[in-house]
Every structure is written in C-alpha cells, then in structure tokens.
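Work through the two exercises below with the sequence and the model at hand. Try each task before reading its solution.

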Number of protein chains: 2
Amino acid sequence: MKYLSEKAKRLTPYVAGLQPQGEGWIKLNTNENPYPPAPSVFDVLKAADIEKLRLYPDGESGILKSAIGAALCVGEDYVFCANSSDEVLALAFQAFFSGKNNVKTADISYGFYPVWGQIYDVGLDFVSVGSDFSISPDDYKNAEGVVIANPNAPTSLALGLSQVEKIVATNPDAVVVLDEAYIDFARVESAVALVQRYKNLLVTRTFSKSHSLAGLRVGYAIGDPMLIDGLCRVRDAFNSYPLDKLAQLGAAAAISNPAYLRETCAKIIDTREKTISALQNLGFEVLPSQANFIFMQATDAGILYEYLLQNKIIARHWNKPRVDDYLRVSIGTENDMEVFVTCVKQYLNERQKKQV
Amino acid sequence: MKYLSEKAKRLTPYVAGLQPQGEGWIKLNTNENPYPPAPSVFDVLKAADIEKLRLYPDGESGILKSAIGAALCVGEDYVFCANSSDEVLALAFQAFFSGKNNVKTADISYGFYPVWGQIYDVGLDFVSVGSDFSISPDDYKNAEGVVIANPNAPTSLALGLSQVEKIVATNPDAVVVLDEAYIDFARVESAVALVQRYKNLLVTRTFSKSHSLAGLRVGYAIGDPMLIDGLCRVRDAFNSYPLDKLAQLGAAAAISNPAYLRETCAKIIDTREKTISALQNLGFEVLPSQANFIFMQATDAGILYEYLLQNKIIARHWNKPRVDDYLRVSIGTENDMEVFVTCVKQYLNERQKKQV
C-alpha cells in the first residue's frame, strides 16, 4: 500500500484471540474472568452522572489513582493509569526503552513485546527460557532494560519475589518492567512490595483478568514517581486523556472491593487445580499454573485445538517452535471446565478408536 | 532523569486546558459542549449489561462503525474508531507520516500536531497562515503528507469544500488528513463527501464536541478502506482494543440521534453569533467563527485572560507569536456567554478608569 509509512509496512501486528459472536461458546482463549465484576461496579456505573460526560475526564485519573494507591498501600504518586495494561506497556516501551539495545525479555512470553519492540525501535534480546519453560534471573544481568511477565504467559509459571529482586537489583541503571497481569492468581508475592526500595522497578497490572473488567479497558503501573513522570510525559505526547470517566469510576469501584476479588480468585484457583488434576489423570502433562489459565502438553495440540473448536470450545494454540505441542486454556467456571475435560476425554477416545 | 529514553527526553508534551475542580466555574477553555449528551445516550448507558464487561470488547467497534457509517452514508469499511480523535490522529501520523519529510500543516493550528511530529519522527513543514489567519490551498502542493484542522483551531476559520478538494487533488501520492473536530458547527460542507472519490483523503472526527461526549473518549476516521487498513495495522501493533464497551455503546447512541445533534449545534451557533455581535459592539475584532469557540483580538489579551480567571471564567490564551493578542473562548450556554460578556465589559470599564 503506497501510502503506508516504511515503519508501518515493516510491522507484524499482534493477533489477539478470537472473539466469537453468537451464543453457546465456551471461551477459554483470552483469559477472561468467568465471574461478573464486583457488585460495587454495577452500583457505581448505574449511578454514573451521564450529563457530566459532556466534560473531559480527569486526565490524571485522580479518583482511580487514589483507589489503587489505597488498595496497594502506595502513594498516589506511585500510580499511573491508562487504557489497558497494553497501553501502559506501550507507553513504558517508549518512555524507557526506545532507541536502546539489549532490552532483555523471555523468548516465550507475551506476544505483544516483540511488536512494541518493532514499532518503538527497541532492540530486544530474547533470552531462552529453560527446557521446563523456567526463567533464570542470572540470564537478565547487564541489560539496558528488562520486561518480564510474572506469572509468564503462556507458560503460567512465576518467579518468586527474591528472584525478581535479583533481576531488579542487578540492573540498577536499567528499568525493569514486571508485567503482573496474572499476579492475583499466583502463589508468589507481588513485586509491588519492592517499588519503594528500587527506583528502576515498574510493575504493570490490569483490570481485565482478576477484576473481570476486560470490557472496560483499564490498566495501571506502580513505580517510583520518577518513572511515573516518564510515563506521563509520553502519554501527554500521545493522548492527554486515555481513560474515560466511566472506566475510571468502574475500575475504582472494583479495586475498592478486595473481598470480592479474593473470593472470585479463590474460586478460579480451585477450579484450576481441579482441571489440572483431571487432565493429569487423563495422562496430560500440565505446567504448575500460577495464573487463570493452564499450559498443557498435548501431542497433536493443533488437532486437539480444532476438535475443541468444532465443539464450540475455544482454547489457544500457537504454531511456533517449542510451544506448538501445547495448548493454553483459560480457567472458566466449574461447569465450563467440566465440559472442557469431557470434550478432551471424548477426543482421546475417538483418537484411540481410530488407532485400533 | 537517567532512565528516560533519548526520544522521551526530547519531547515537548502537549499541555491541555485547565480542568478546575470545584463548582462555580464557567469553563470556556476546552471547547466542551454546554448541553448534555443525547437522551439516547442516557438510555443506552443506564441499560448497559455490566456483567458482560468481564469480556473483551469488540476490537473493531462493529456496532459503532455501523452507526457511524449509517449516519454519514458510507460503508462500515470506510470507518475506523479509537479512543478519541487524538488517538486516531496519533495512529494516522504513525501509519502514513512516520519517517517522511515535508508533511505540511499550518503554523497556527492544533498544538498536538508538532508533538506527534516529534514523537513519531515526522518532518513537519509549518506553512504560514495569512495575516488574516486564512489557509491557502496553493501552499499545500507537493507535500509528502498534509494535516489540516478544518475548521481550524484556534482560529475558528474554515476552508470550503472546493478548497479542500484542491489540496486533496493536488497531492495524489500523499495522505491528506482533515481534522474535522468542529465541522458540525461550520457553514462549510464536510469533506466526508469526497472520501469515495479520493483514496488519499482521511477525515477525522470526534464525539467530544458536537456530541457532548468528551468524557467518553471516542474519535473516528472516515477514508478509503486501504487507509482504514493502515490505521488498523498500527492500532494492532499498539493496543488491540482501544474502545471500551460503554464508550462504543454511548457513541453509537449519540450518532444515531441526528435531530438532537442539529438542535444543540443550532443553539450553540445562535449563541456564538450573539456573543460575536456583543463583543463587536464593545469594539473587539472577532474572527468569523465556524466552530464552537471564537477567536477574539484583545490588546493585553493575557491581562484579560487573568481578569476573567479571577472571576471564575476560564478562556484560553497562548503566549506565542501572532496569537498572543488573542483569546480563544468556547461557546457555553446563553447564560454563560452573557456572564462572560458582562465580565469583559466590567474589565473595559475598570481599565478605562485606570487610564483616566
């Protein structure tokens, strides 16, 4: 296309998971939460002052920053909010990594990192994860920047806090971005505990997973006020008001309800463990998940993926080296996962019959 | 700040107008609409299915694209939606202008254009507007890209459709971006009428002004499907789901109510003309506005700005060559503007007394 800039031509855009229209699908492909948002979100959105939508929102998302700060026991000046953690991460790439080389990330991780690397001129160094998909902190020394998803996707594995601290402490001159989209489902502790001690640590979070608000597009970052200022600087060179009023209100209501968060996360973790057991009983190898999805090994994973799809169950499969023998499966309701396990059983039976 | 990328260090971020907290202000500085959003917006947002916010929104904003297409009589494939027209414009700069030189724009225009030029490596050629602030199509030949606000801000002047067509027709190899944020308040016709004939024309629009939805952050572009594909490509390398579900619903409801749009725009235009007459009667020169704001000449405009501010009226003033003798004043309600004109009178009286 002759009008496209050279940069735009070179891009390989990220491909998000299918969003099927119509009813009857069991959607286990984009790690959405099967439970509704907190009751307080319903209340605040139903009561919202629609008349006031004629005015610009607070570009600093003050109400939301204050709610996040209170929930995570950090000052408001440690908080940055934007339209999804994807946007937060894209702004962080521009603020801290643009033009740098040797920004280290895992070779098997969130598919958006290499895309932001391309569009924002970041020289990414893709560090191989171990044969067990584990990340070794020693591989992340002497970087000009680090970005790690913890828990990692699609592997579902997580680094402990001391391992994270090692990466942060050994890179005092580089910003370490820790993408904690799935931390509320993990056994490990959040690195938010470290932001007051390490000026180079930026932790990013989302309301899309544990808070059941993927449809509202809210993400945030926690870090030293100096890093937050850097993010604001880039935001204000792009779009001064990234978060609409309703999104700010809804997200603030969600994070102010920690009991509901704990309750729904506990249900998902419980379902996750039951699903893993059931799959192990069927002979599958499943990684020890710390997220709201599992990463299961399956010979002919692509065929199993298609089989599930024909039965209106959507999982995620990548035709890529090292992971093409795996499926990533989000944790839905108890019932969703029973239907999923039954479908997998049926697949195994049909396959066995064919082989006999 | 040692962690900032060189690119981020070099940025001069855009400074948006003040958003005062507290009551009692007459806010005439960010061109917000004084009237509430359409009744249909209230209805659809109050009836929204909050439970479904647990799922990702439609990244393509299908419902909204369809409503926009129907309202403007273009196919859905001619429509692109994002989180504000600022975001649409920022994506357009990346898709069509990154790395190019000689992208022409007016030297007096929207303050965000030079900022996007900096952050997305666009060599902007700032073309001087005439002494009467007019834009001459002849100055925009042989460009590698063009971006023009029509009506222009802060001048409030607009090019007629034939003048716009001249710019588009004389640059067949360059994308012409026409920022029509204020077109619904203009006497001139929208360039949307030209998009089927010119593959290089992209018209951008916002819901923040004429639709009274600044708080919801929705913008869109209309152009040849090839240009729309280019925008999607860059969006998908940045943030797959820029518009949340409520924003999509609210904006779709607003644009499906053309009678309300016409009615509120007519009221604003009427108030604008009355305000211009009143100011002219006080001896001020005011440009013939085609927007929901006026650009008035005032000796010591900075002092008048401060005087208004002390009286809780916020206008906009720039300490910049050629415009420092002017104030930009948004059109509020009839009553807002009567208070404003009275305050200006009072300022003139006090000033006269001092000089006597």
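Predicted model: local features only at pLDDT ≥ 70, side-chain atom pairs only at ≥ 80, totals over all residues.

Residues are numbered from 1 along each chain as its sequence is written, chains are lettered from A and ligands numbered from 1 in the order in which they are written, and side-chain values use heavy atoms, with hydrogens and water left out.

**Exercise 1.** Classify the packing of helices α4 and α5 of chain A.

Step 1. Helix α4(A) covers residues 85-97 and helix α5(A) residues 112-119; their axes lie 10 Å apart at an angle of about 40°. Helices are DSSP runs (H or I, at least four residues), numbered from the N terminus. Axes are lines fitted to C-alpha atoms over the stretch in contact, and angles run from 0 to 180 degrees between N-to-C directions.

Step 2. That angle makes α4(A) oblique to α5(A). Under 35 degrees counts as roughly parallel, over 145 as roughly antiparallel, 65 to 115 as roughly perpendicular and the rest as oblique.

**Exercise 2.** Classify the packing of helices α2 and α8 of chain B, and list the residues in contact.

Step 1. The axes of α2(B) (residues 39-46) and α8(B) (residues 245-255) come within 8 Å and cross at roughly 150°.

Step 2. Therefore α2(B) is roughly antiparallel to α8(B).

Step 3. From α2(B), B:Ser40, B:Val41, B:Val44 and B:Leu45 take part; from α8(B), B:Leu246, B:Leu249, B:Gly250, B:Ala253 and B:Ala254. Contact means heavy atoms within 4.5 Å.

Step 4. These residues divide into seven nonpolar, two polar and no charged. Ala, Val, Leu, Ile, Met, Phe, Trp, Tyr, Cys and Pro count as nonpolar, Asp, Glu, Lys and Arg as charged, and the others, Gly among them, as polar.

Definitions and conventions. Helix = DSSP H or I, 4+ residues; strand = E, 2+ residues; numbered from the N terminus.
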